[in-house]
Amino acid sequence: MSQLFTPARTRGFLRATAAAVSLTSVLLTAGCGSSDESGGDAKTGASVPAGFPVTIDNCGVRTTYDRPPSRVVTIHQHPAELMLALGLKDRLVGTAFPDSAVLPELKKDYESVPELAEREPSFETVLDAEPDLVYGGYGSAFDEKEGRSRKAFADAGIDTHLNREYCGEKRVTMKDTYDEIRTIGTLFGVPDRADELVADLEGRAGKAAGKVEGEPEVPVFVYDSGDKSAFTAGGKSLGTELLRLAGGDNVFTDLDDVFGDVSWEQVVDRKPEVIAIYDYAGAGSVEEKKEFLLSQPALSDVPAVRNKRFVVLPLTATLVGIRSAYAVEDLARGLHPESFR
């Protein structure tokens, strides 16, 4: 089952290589007054919009924007969804590498954006879309070996922004999600929309967490991929916090990374009662993953396997983006169904 192996390894490795870089922060510079919610001036090239210029320090790359970007290519699905949720469809000229089914309310808008590639597009393909900003979801968006380094884009006169999850080695939390949304809101001159979206997501996650408050924590093993060993979410992952909010406990919280490999013997020893399966393209279907887990004699006494207790999450729901708040409710329902009757 090699198909259950490769993509996740790439994702974990590329995040680890960014470990030395600082987290994103937003520094407002000489602009004054409220930000322009319409973004019209960014397209007409007229006077500088209110609230600009804005300087954003992102993963060690400091960029000053005189006006909101008007032609954006997103590499990976979750940056595109975040922009669409902020009403920025008109700024998107291309996206790439869809991971999971798109949220129903965003599906029509997402499908209207040209797909440049099934995985990360080449540097030349991105240039052909003539963007003024490239917004990457995983560190692989700006893979130097593939010629897509942030410096290469800068040399071509194109700004870049990397999702803060890949800025450094730290524990990723829901605060990172909300900070990323507000950063993008500031960058595009729509801070009010960002605040409104954050409030909605905080309310959604808080309501679900409140439903399971006081319930005993359910031990959960996150199965991302792998056959010879298990690639799982570690203690620094956003998935660990999502489980906590949903009334669960990641049995590999002590794994000091966002993602990492563990042995199947360790999985057996930790006795998870539920297995959370991450669903995404290129790593085997959910049914294939379930079949693999259920077919392993060594796992037959694991409570989650014995009782066939699985919950499924799109990978995009476990990343810094708009889906994580939805994941709290999905997980809570799967771990504590009695609380939602």
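Select Arg164, Lys175, Asp179 and Glu180 together, and you will see residues that are linked in a network of salt bridges, a salt bridge being a side-chain nitrogen of Lys or Arg within 4 Å of a carboxyl oxygen of Asp or Glu. Side chains of opposite charge can pair when their charged atoms come close. By this rule the count comes to 14 salt bridges.

Before going on, note that this is a predicted model, in which local features need pLDDT of at least 70 and side-chain atom pairs count only at pLDDT 80 or more, while totals for chains, interfaces and linings use all residues. Residues are numbered from 1 along each chain as its sequence is written, and side-chain values use heavy atoms, with hydrogens and water left out.

**Further salt bridges**

Select Arg62 and Asp57 next, whose side chains meet in a salt bridge at 4.0 Å, N to O. Burial is described here by relative accessible area, where buried means under 20%, exposed over 50% and partly exposed in between, with a 1.4 Å probe and protein chains only. Arg62 counts as exposed at 57% relative accessibility, whereas Asp57 counts as buried at 17%.

Move to Lys89 and Asp109, which form a salt bridge with their closest N and O atoms 3.4 Å apart. This pair links distant parts of the chain, since Lys89 is in the loop between α3 (77-85) and β5 and Asp109 is in helix α4, 20 residues apart. Helices (H or I, at least four residues) and strands (E, at least two) are DSSP runs, numbered from the N terminus. Lys89 is partly exposed, with a relative accessible area of 40%, and Asp109 is partly exposed too, with 25%.

Then select Arg244 and Glu241, where the side chains meet in a salt bridge of 3.5 Å, N to O. Both residues lie in helix α9, three residues apart, which is about one turn of the helix. Arg244 is partly exposed, with a relative accessible area of 45%, while Glu241 counts as buried at 9% relative accessibility.

**Strand β4 and its partners**

Colour strand β4 (residues 72-75) and show its side chains: Val72 and Thr74 point one way, Val73 and Ile75 point the other way, and all are buried. Two strands pair if DSSP finds at least two bridges between them. Four bridges join β4 to β5, and these strands run parallel; within β5, Ala96 is the bridge partner of Ile75.

Within β7, the bridge partner of Thr74 is Tyr135.

**The sheet around β13**

Select β11, β9, β13 and β14, four strands that form an open sheet in that order, with parallel pairing. At the edges stand β11 (248-250) and β14 (310-314), each with a single partner strand, so one side of each is left without a neighbour in the sheet. From one strand to the next, the twist averages 35°.

Zoom in on strand β13 (residues 274-279), which pairs with β14 in the parallel sense over five bridges, and find Asp279 standing opposite Pro314 in β14.

Show the helices as well, with contact taken as heavy atoms within 4.5 Å; axes are lines fitted to C-alpha atoms, for helices over the stretch in contact, and angles run from 0 to 180 degrees between N-to-C directions. Helix α9 (residues 238-245) lies across β9 (218-223), β11 and β13, and runs at about 155° to β11. Helix α11 (residues 286-295) lies across β9, β13 and β14, and runs at about 145° to β13.

**Backbone details to finish**

Most residues other than glycine have a negative phi, and most peptide bonds are trans. Select Phe52 and Pro53, where the peptide bond is cis, with omega near 5°; Pro53 is placed in the loop between α2 (40-44) and β2 (54-58).

Phe97, in the loop between β5 (92-96) and α4 (104-112), is not a glycine, yet has a positive phi of about 60°, and Phe97 is buried, with a relative accessible area of 8%. Finish at Lys308, in the loop between α12 (303-306) and β14, which also is not a glycine but has a positive phi of about 50°; Lys308 is exposed, with a relative accessible area of 60%.
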